[in-house]
Each structure stands twice: as structure tokens, then as C-alpha cells.
Number of protein chains: 2
Amino acid sequence: VWLMRQAGRYLPEYQKLREKASFWHMVRTPDLAVEATLQPIRRFGMDAAILFSDILPLLSAMGVEVRYTDGGPVIHPPVRARGDLARLRPVDAQLHLDYVGETVRLLAGKLHPDVALIGFAGAPLTLAAYLVEGRASRDLQQIKALAYNQPELAHELLSLLADAVYDLLRFQIDCGVDAVQVFDTWAGLLSPEDYGELALPYARRVVERARKLGKPVILYVRGAAAILEDAASSGCDVLSVDTSIRIQDARERLGPKVGLQGNMDPAELFSPPERIGERVRRLINATGGRGHILNLGQGVPPEAPVEGVSAFVRGVQAWKP
Amino acid sequence: VWLMRQAGRYLPEYQKLREKASFWHMVRTPDLAVEATLQPIRRFGMDAAILFSDILPLLSAMGVEVRYTDGGPVIHPPVRARGDLARLRPVDAQLHLDYVGETVRLLAGKLHPDVALIGFAGAPLTLAAYLVEGRASRDLQQIKALAYNQPELAHELLSLLADAVYDLLRFQIDCGVDAVQVFDTWAGLLSPEDYGELALPYARRVVERARKLGKPVILYVRGAAAILEDAASSGCDVLSVDTSIRIQDARERLGPKVGLQGNMDPAELFSPPERIGERVRRLINATGGRGHILNLGQGVPPEAPVEGVSAFVRGVQAWKP
């Protein structure tokens with residue numbers, strides 16, 4: 001059991017760190033990133049810690065200017081034309097992501113051997129969406145329009161990002177993470193046909209290469225009900241699904257060969273603790289607890305009560321087959 | 001063929017109307033609402049006109065203060081506690097929605113008999129989401145938390161809204177619409193379990209009652225891939241689906257008894273016209289053009305090129321089995 005965004009604003013001890021440092025500063029400062037990563041483990045004892053970072057530092061390492069604003073991250077100017085590709089340089093992780101390496105190495109030395117350390121990256125389509133839209137988007141209108149009008153340019157961008165994502169995951173694994181999660185958060189906003197053309201081939205390229213490094217790869221896709229089999233065909237060890245699908249249906253459709261991760265609704269964290277415990281039991285029973293990493297369907301909301309997160313983790317820890 | 005939001009900002013003649021009147025003023029002024037409704041029919045010759053309105057005037061008629069801001073509609077204060085229910089009065093459509101009745105009557109007199117006039121309303125869950133969240137929300141966190149913590153209150157609100165929605169649809173049908181569409185736009189943000197508990201029973205109550213009035217009922221649910229059979233079990237004549245599902249899969253899963261509406265990606269409107277024509281043919285061929293109302297998966301974006309909409313409609317009109 002672990003939770004996406006388990007290190008974050010819902011924790012008072014995290015809020016305290018943030019009083020003195022911006023999110024971006026924390027990500028780039030290994031001591032602070034290590035502390036943020038460890039906070040939820042100390043308090044709740046999850047089975048895995050996830051590197052405190054974000055998917056956009058990779059773009060930053062590629063020479064793109066990323067600003068974190070109150071309205072979310074902004075990339076300006078966005079990538080819209082062939083000339084914009086020249087702004088993207090290949091990733092030299094040792095040089096431009098040295099702080100990530102240092103954070104992973106420090107964490108690997110501090111975590112109890114029973115606690116897994118998870119590294120992560122955005123998937124090529126999701127990163128491309130940020131680059132082309134310039135910010136989080138509800139409809140991916142710009143990147144779709146780019147792909148429909150300039151397909152070669154879109155594929156060139158996705159290909160270049162697939163290489164960069166792999167480089168980052170390899171670097172994280174070299175530095176000591178035990179598993180990696182690839183976030184294709186926005187891919188579910190594509191039609192199944194576009195998913196097969198623009199998202200899956202590049203997610204697959206990343207997953208296949210990363211798996212050869214000997215660590216398990218988790219693929220997260222939000223809103224994957226219509227493309228579940230496609231997403232699993234990426235070769236991922238574990239498919240992380242959001243709340244929009246019944247996890248027993250996912251198990252039935254995918255069979256036992258792919259692990260599943262998820263998929264409690266984050267809004268359940270606002271429920272009374274007894275209800276949370278009951279929902280956790282129901283969620284585990286839906287898969288029999290086999291090949292199932294307990295998690296939410298999306299990240300912990302900043303407003304979530306600490307008691308809700310605690311009830312979720314305790315519920316899993318208390319489960320017996 | 002028709003398009004959701006076919007009357008709207010992408011049309012220069014609509015922009016011209018909006019120079020002199022706010023959206024809200026247009027909705028409440030029958031002459032302007034009639035003109036906006038007719039504009040796309042004149043230009044493109046769709047098979048159906050949809051009443052120029054919004055789903056929130058119903059809440060306004062219930063005594064709720066709705067403000068249209070640049071950031072979208074705002075309901076303040078939102079409904080969060082039992083005492084807030086007292087603010088919601090039963091709908092007297094003749095009195096509080098007289099402008100809707102007048103617009104429908106005028107349109108029924110002006111439209112060619114071959115062009116259907118579609119009325120519409122928000123579904124209970126979607127309206128409840130607006131009332132409780134206070135604005136459009138990406139995660140429905142507030143209404144979910146309300147339903148988990150005060151289930152009786154949530155069901156009371158949904159039940160009260162189901163009655164109001166039915167009253168509005170009956171009024172529209174009495175005034176002369178040929179069909180109605182119920183928008184459960186946000187219901188796909190619920191888990192399948194919550195959909196079955198909070199959205200479906202109330203959508204079903206509305207659909208079943210409205211069908212008895214003798215006009216076809218279309219139900220729209222965004223992101224319905226995991227709950228397709230449930231949504232169809234509402235008894236709707238036509239299920240309108242967004243782009244997240246292959247329409248041939250929807251046909252296969254639902255059989256020929258339920259009509260389908262959709263589901264071209266609105267971003268395709270930004271494609272070259274030849275590509276749009278080709279995509280339209282592919283979409284129609286996916287169902288053989290039987291029991292299939294051609295439409296987008298979501299509304300026409302304000303930035304869509306007029307040529308794209310034109311290519312979409314002409315593509316359907318040119319199709320031959």
C-alpha cells in the first residue's frame with residue numbers, strides 16, 4: 001500500500017517545510033526532497049515511498065522554461081511548430097538532474113529495506129501535452145490539432161520524449177530506486193484510436209526498455225476503461241487505474257498476468273474512518289488481495305484529512321485473507 | 001446530424017449578437033435565443049436545432065443565485081447542509097421559465113418541419129454537482145464527500161432535482177420540442193458504484209417519466225466506457241457518448257435497441273476538411289449509419305473553425321449507404 005501524492009499538502013509537517021521553500025525549490029534541494037518523501041512513511045508506515053518530485057523537471061532538464069504558478073505549471077512559449085523542437089536538448093541526467101540522483105541515493109540509504117523506493121516519470125504523450133498546450137488542459141485540443149495537422153512533427157516530438165523519459169528512469173534506477181511508475185495521466189483524454197497511435201507506442205517503448213533494467217514498471221493511465229487491454233499491452237508489470245473502472249472488471253479483462261494498482265476514490269478520504277475501513281476491505285476482496293497494490297485512483301487531495309489517509313493505510317495493514 | 005453547442009462562439013454571426021448582449025441576457029430574451037438557435041441551421045442545414053439555453057436556468061428558477069463569470073458559472077453560496085435545501089423552491093415553469101416556453105413556441109413556428117427541435121436539461125447528478133461544488137469541478141470532491149457523509153441529504157437533493165428536471169422537460173415538450181436531451185455531463189467522474197447509486201436512479205426517473213410524454217429522450221454521459229450498460233438501462237431512446245469509447249464497441253455492447261449519438265472528437269474540427277470528411281465516413285461506417293445520430297463527443301469548441309463544422313455536416317449529408 002502506498003498513495004499517489006502521499007507526500008504533500010494534506011500533511012501539517014509538509015506545510016511546515018513549504019513555509020520556508022517553494023515546491024520547485026524543495027524538488028531541487030535533496031535534503032528537503034528526502035524529508036518530504038519520508039514524512040508519510042514515518043507517520044503511516046506505507047510499503048513504498050515515492051520520490052518527492054514532479055514530472056516536469058525532465059522538461060526543464062531539456063532546456064524548457066517551466067514556471068510553477070498558483071494556477072498550475074506553465075510552459076511558455078509552448079511547442080507548436082517544427083522550429084520549437086530545436087529548443088529541446090537531449091537529457092544529460094548527471095548534469096541537469098543531479099539533484100534527483102542525490103535525492104534517490106540519500107533515500108536509498110535511509111529507508112528501511114522493507115520499504116520500496118519508487119521513481120517515476122511522465123509518459124511521452126502526457127509530457128508532450130504539457131509542452132504543446134503550455135499548461136494542464138481538460139481536452140488536449142492543441143496537441144490533438146497538432147497531431148491531426150502535422151503528424152510527423154507530433155511523432156518526432158513523442159519519439160524524442162520517449163528517449164528522454166527512458167534516460168530519466170535509467171538514471172533513477174542506477175541511483176537506487178526499486179521500481180518506477182510512468183504517469184500517462186492525460187492519455188485517457190484521447191479517443192481509443194488516438195491512444196493507439198499517439199500514446200501507447202511511446203509508453204510501450206519506455207516500458208519495454210525500462211523493464212530490461214530489471215525493475216518493475218507501473219503504468220498509470222487515468223480514464224482507461226475503454227483502452228485497458230491496450231494499456232496493459234505496453235508490457236507494464238502493473239497497470240495503475242483510476243476510479244472510473246471496477247477493479248474486478250479490470251482483473252477479469254486482463255487476467256492474472258498484469259498486476260493492478262488502485263483504485264479508491266480520493267474523495268473517500270473525506271468519509272468517516274469506519275466507512276473507509278469498510279471500503280478498503282471491499283476493494284481488497286474485489287481482487288482477493290492478489291497482484292494488487294492498494295492505492296487511490298488519483299493523488300491525495302491537498303484538503304484531505306490526515307485521519308482519512310491513516311484509516312486507508314491502517315485498513316490495508318489490518319486486512320487478512 | 002447536429003452538434004452539441006452548434007449555436008455558439010465559433011460562429012461570427014453569434015459573436016455579433018454577443019456584442020450587444022450577455023450570454024445570460026440572450027438566454028432570457030426569446031428573440032435573441034431564437035436567432036442564436038437558428039443561425040447554425042441557416043448556415044449548415046443540420047437535421048436538428050437545439051434550444052439555445054443552458055442547464056443552469058433551471059436552478060435559477062428554483063431560487064438559486066447563478067452568476068456567469070469569465071471563469072464559468074458560479075453558485076454562491078453552494079448547497080452543503082440540510083438548511084440549504086430550504087432555499088430550493090419547486091419549479092413553476094410557466095412563471096419562472098416563461099422565456100423558455102416563449103422561445104420554444106417561436107422556434108416551433110419558424111423551423112422547417114423536417115428540422116427537429118431538441119429541448120434539454122441537466123441530469124439530477126450533474127445539477128447537484130453544480131449546486132454542491134458551487135462551480136464546474138474536475139473531481140466532484142464536495143458532492144462525493146456530501147454523499148459519503150450525509151447520504152440522506154444527498155438523496156433528498158437528487159430526488160428534488162429529478163422532479164424539477166422532469167417539470168422542465170414536460171414544459172418544453174408542452175411548448176413544442178420534438179425530443180429532449182438530458183445532460184449527465186459529470187456522472188462519468190463517479191466510480192461505477194457511485195454512478196449506480198447517485199446518478200443512474202435519478203437519471204432513470206427523469207427518462208422514464210419524460211418518455212411517457214411521447215417524445216424521444218437522449219441521455220448524454222461523458223466518460224461512460226465503464227458504465228455503458230448501466231447508462232443505457234435508464235431506458236433512454238438514444239445514448240450520447242463521448243470520444244473515450246469506440247462507437248462500434250458501444251453498439252456491440254448495447255445491441256440495436258438503443259440508438260447511439262456521437263462521437264467525433266471536437267479537436268477533429270481543427271483538421272483539414274478532407275481528413276474530416278474521411279473521419280465522418282469512418283464514423284458512420286462503424287455503425288453502418290443505422291440508429292446513429294452523428295454528433296461530436298462534446299460541444300463545439302469556441303475556437304473551432306467554421307470550415308471544420310461545415311466539413312463535418314457536409315460529410316454526413318454526402319454519405320450514402
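This report walks through the cavities and strand pairing of a predicted model.

## Ground rules

Because the model is predicted, local features need pLDDT of at least 70 and side-chain atom pairs count only at pLDDT 80 or more, while totals for chains, interfaces and linings use all residues. Residues are numbered from 1 along each chain as its sequence is written, chains are lettered from A and ligands numbered from 1 in the order in which they are written, and side-chain values use heavy atoms, with hydrogens and water left out.

## Two cavities

Searching the whole structure turns up two cavities of 30 Å³ or more. A cavity here is a set of points on a 1 Å grid over the protein atoms alone where a 1.4 Å probe fits but cannot get out, and lining residues have an atom within 4 Å of a point. Grid points are joined across faces, edges and corners, and the volume is the space filled by probe spheres set on them.

The largest one comes to about 70 Å³, and its lining includes Ile55(B), Leu97(B), Phe120(B) and Gln172(B). Helix H4 (57-61), strand E4 (116-122) and helix H10 (151-175) of chain B each give two or more residues to that lining; helices (H or I, at least four residues) and strands (E, at least two) are DSSP runs, numbered from the N terminus. Sorted by class, you get eight nonpolar, two polar and one charged residues, with Ala, Val, Leu, Ile, Met, Phe, Trp, Tyr, Cys and Pro as nonpolar, Asp, Glu, Lys and Arg as charged, and the others, Gly among them, as polar.

The second largest cavity holds about 50 Å³. Among the residues lining it are Leu51(A), Asp54(A), Phe120(A) and Leu168(A), and the elements giving two or more are helix H4 (57-61) and helix H10 (151-175) of chain A.

## Strand E7 in chain A

Now for E7(A), residues 238-241: Val238(A) and Ser240(A) on one side, and Leu239(A) and Val241(A) on the other, are all buried (under 20% relative accessible area, 1.4 Å probe, protein chains only). E7(A) pairs in parallel with strand E6 (residues 217-221) of chain A over four bridges, and Tyr220(A) sits opposite Ser240(A). Pairing takes at least two DSSP bridges between strands.

Three bridges link E7(A) to E8(A), also parallel, with Val238(A) partnered by Gly259(A).

## The chain B sheet

Chain B has an open sheet of seven strands, ordered E1-E4-E5-E6-E7-E8-E9 with parallel pairing. Its edges are strand E1 (48-50) and strand E9 (292-296). Within the sheet, four bridges join E6(B) to E7(B), and Leu219(B) has Leu239(B) as its bridge partner.

Technical notes
1 Å grid on protein atoms, 1.4 Å probe; cavity = no way out; pocket = protein on both sides within 12 Å on 5 of 7 lines; lining within 4 Å. Buried < 20%, exposed > 50% of the residue type's maximum accessible area, 1.4 Å probe, protein only.
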